[in-house]
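This report describes selected elements of a single structure. It turns to strand pairing and then to helix packing.

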Amino acid sequence: MSRATGTDTGSPEPHAADSHDLIRVHGARENNLKDVSIEIPKRRLTVFTGVSGSGKSSLVFDTIAAESQRLINETYSAFLQGFMPNLARPEVDVLDGLTTAITVDQQRMGSDPRSTVGTATDANAMLRILFSRLGTPHIGPPAAYSFNVASVSATGGFTVDRGAEKTKTEKVSFSRTGGMCTHCEGRGTVSDIDLTQLYDDSKSLSEDPFTIPTYTGDGWVVRVISESGFFDKGKPIAKYTKKERHDFLYREPTKVKINGVNLTYEGLIPKLQKTFLSKDRESMQPHIRAFVDRAVTFAECPECDGTRLSEQARSSKIGKVGIADACAMEIRDLAGWVRGLTEPPVAPLLTKLQHTLDSFVEIGLGYLSLDRASGTLSGGEAQRTKMIRHLGSSLTDVTYVFDEPTIGLHPHDIQRMNNLLLRLRDKGNTVLVVEHKPETIAIADHVVDLGPGAGTAGGTVCFEGTVEGLRASDGVTGRHLDDRATLKETVRKATGQLEIRGAGANNLRDVDVDIPLGVLCVITGVAGSGKSSLVHSSIPAPEGVVSVDQTPIRGSRRSNPATYTGLLDPIRKAFAKANGVKPALFSANSEGACPTCNGAGVIYTDLAIMQSVATTCEDCEGKRFSASVLEYHLGGRDISEVLAMPVTEAEEFFGSGEARTPAAHRILQRLTDVGLGYLPLGQPLTTLSGGERQRLKLAVHMADKGGVYVLDEPTTGLHLADVEQLLGLLDRLVDSGKSVIVVEHHQAVMAHADWIVDLGPGAGHDGGRVVFEGTPADLVAARSTLTGEHLAAYVGS
């Protein structure tokens, strides 16, 4: 073996490949971006900050990450691209130096009833293989342990053509062993329907007896029932015979002919189960959800005890542990059990499973269990769960894109998240983070601050450089980066109390606590300590309690702040009254829509494997309304001009003069109160940021008549400057006589509280207890909990 001994004493030219150390963005114009041009260093941690709605997500997700994904998709054949999502090229002049982007966003995980933490992370798949190899008694392949696979068997015959008019019939049989509980069909719960909430049995079918949404007297659904021929339309339902009652409630699908049209009649209960109960509750429209909550109760399946698995799947065990037991364990305990298995034939599987479970613990989710329904995870938990598969990856030179990874994290957990981000960077990856928390901004190698305002007032780069440079800058973020809320000298006195006794939901341990009323009360504690369980499962929900949770608002391109908040209704009525026409004319989703684009404002051209092209409608010029509707005016403005107004301008417009509309003005005031004064009334919901959607939802609930407001992490997606405005809003609610209960980690909200209930001391089975009750000053003075230590450091005590 020979080795070169010479030494090159000269300084060689840099290799051409080393000149691509920047991601260059020039002329980005997505959403509200105004020709943004920046250079982002590769293999560094870059934090994007700015007020909510300033354009951070538009730059990072809708421009950089979206173009990376589009270019990767183009490497596949046209045939494969036909099965992939169609992505349009972002509105940008130049994007150079991109690497493969992996996005980890805030989107909630699928809330299908059969989706769990285990199925979403492949941990269940590995456990099923493990039990199919080591479980005794052996019951079959991995599918035999899956609650998503039903056991089926079938026999039959098929005819084989042998030629010369000879045929032979061969018998075939098929069977598959699945692990699904047949009683609950793998859901773990069964539903019980209150028939009194479905119809008034003192009425006949001809008297419109139904109280079910969409079951109106002249609708096709009711016509199929009343004209099916199975019932006397004039006979009260209470007087039906046993057969008539069975047909009315449970009859199997049967073909019927009504007015010459072939239709299918089906009993009321199976029809409701297919139409309403098969959907996720959170995806339902509000009036449908209210009906389901009123008419249906869900209970644990008595056959499988909520495990979703068949008796056969539960009977197979490794040692004394079945797969249902393993999935019910806290993941940190399950990791310990797996670590104790030493079976050489399945050693590679155990190594992979062990790594996945250890990643849960490392990322702060060891308190979860694999059978936890994925739809019940908070936004922060869902985002960290998506990170699991990336933690041990050997890939380098990848661009990881995170959307506020500290959401839902206690200050104690933020340091752990920061370490994970730094570890990804140190492996040679580019890490891009959209973030508001100063603790995460502080670890950045490079900072990009967008603003200066939100919406049309944002979309420009206010600062680009180091954290020290940002701190010294005169932008909104620079000025507020070192803001620290101070403890109040005096706190409000409670006017009453909400008693909670023996709370035991999830990990709560027989908790007794009194929640003071008439004050700002903050429920805090590390992630998984039991805060949401206490608030949502234990606080009584009588009339007068308004709950604003973290579920995201949904909407299409046709939805906007005016439609979501109900603002469009009084506006349409005001236009109709002023012009003597129907209100429906002033809706782009109804009679007033432009006939060419059907009220969308754009016309889509389908290009098959490529992204559909949207072009502004030439007839209405994107205004969405027909020309005849735009001739009607209110206060000198047509409906399209009103919908183009920002909230503050509209508030003034509808507050006085010819256009004075008190109902619209009240809604606009609430939008201003939550800091959305810059938002155009007709801006599509699909273009709003997470923080804007959160505040829009809060503005809607402020209209609810209630004395107690329960808010779940209202600072989500809010800039440091916006948090100050939120605190002012909470103060106004309390000063107006409301009681405000907030589940929150943000130290500024804790410091501003009148009373704090701290849960812990840890997460999962290490939590579920009240470790402190009292004023923020007492919590800081005692320093007896993790929250107390971090709050003391925050206020400088």
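## Strand S3 and its partners

In this predicted model, Val47 stands opposite Val433 in S15. Strand S3 covers residues 45–49 and is joined by four bridges to strand S15 (residues 430–434), the two running parallel. Four bridges also join S3 to strand S16 (residues 446–451), again in parallel, and here Thr49 stands opposite Asp449. Strands count as paired if DSSP finds at least two bridges between them; strands (E, at least two residues) and helices (H or I, at least four) are DSSP runs numbered from the N terminus.

S3 is mostly covered, with five of its five residues buried, that is, under 20% relative accessible area with a 1.4 Å probe, protein chains only. Leu45, Val47 and Thr49 point one way, whereas Thr46 and Phe48 point the other way. In a regular strand, side chains alternate between the two faces of the sheet.

## Packing of H11 and H12

Helix H11 (residues 331–339) packs against helix H12 (residues 347–362) at an angle of about 155°, with the axes 9 Å apart. H11 is therefore roughly antiparallel to H12, a term applied to angles over 145 degrees.

Ile331, Leu334 and Val338 are among the H11 residues that meet H12, where the partners include Leu350, Leu353 and Phe360; contact means heavy atoms within 4.5 Å. The contact residues divide into nine nonpolar, one polar and three charged.

## Basis of the model

Residues are numbered from 1 along each chain as its sequence is written, and side-chain values use heavy atoms, without hydrogens and water. For this predicted model, local features need pLDDT of at least 70 and side-chain atom pairs count only at pLDDT 80 or more, while totals for chains, interfaces and linings use all residues.

Notes: Axes are lines fitted to C-alpha atoms, for helices over the stretch in contact, and angles run from 0 to 180 degrees between N-to-C directions. Angles under 35 degrees count as roughly parallel, over 145 as roughly antiparallel, 65 to 115 as roughly perpendicular and the rest as oblique. Ala, Val, Leu, Ile, Met, Phe, Trp, Tyr, Cys and Pro count as nonpolar, Asp, Glu, Lys and Arg as charged, and the others, Gly among them, as polar. Buried means under 20% relative accessible area, exposed over 50%, partly exposed in between (1.4 Å probe, protein chains only).
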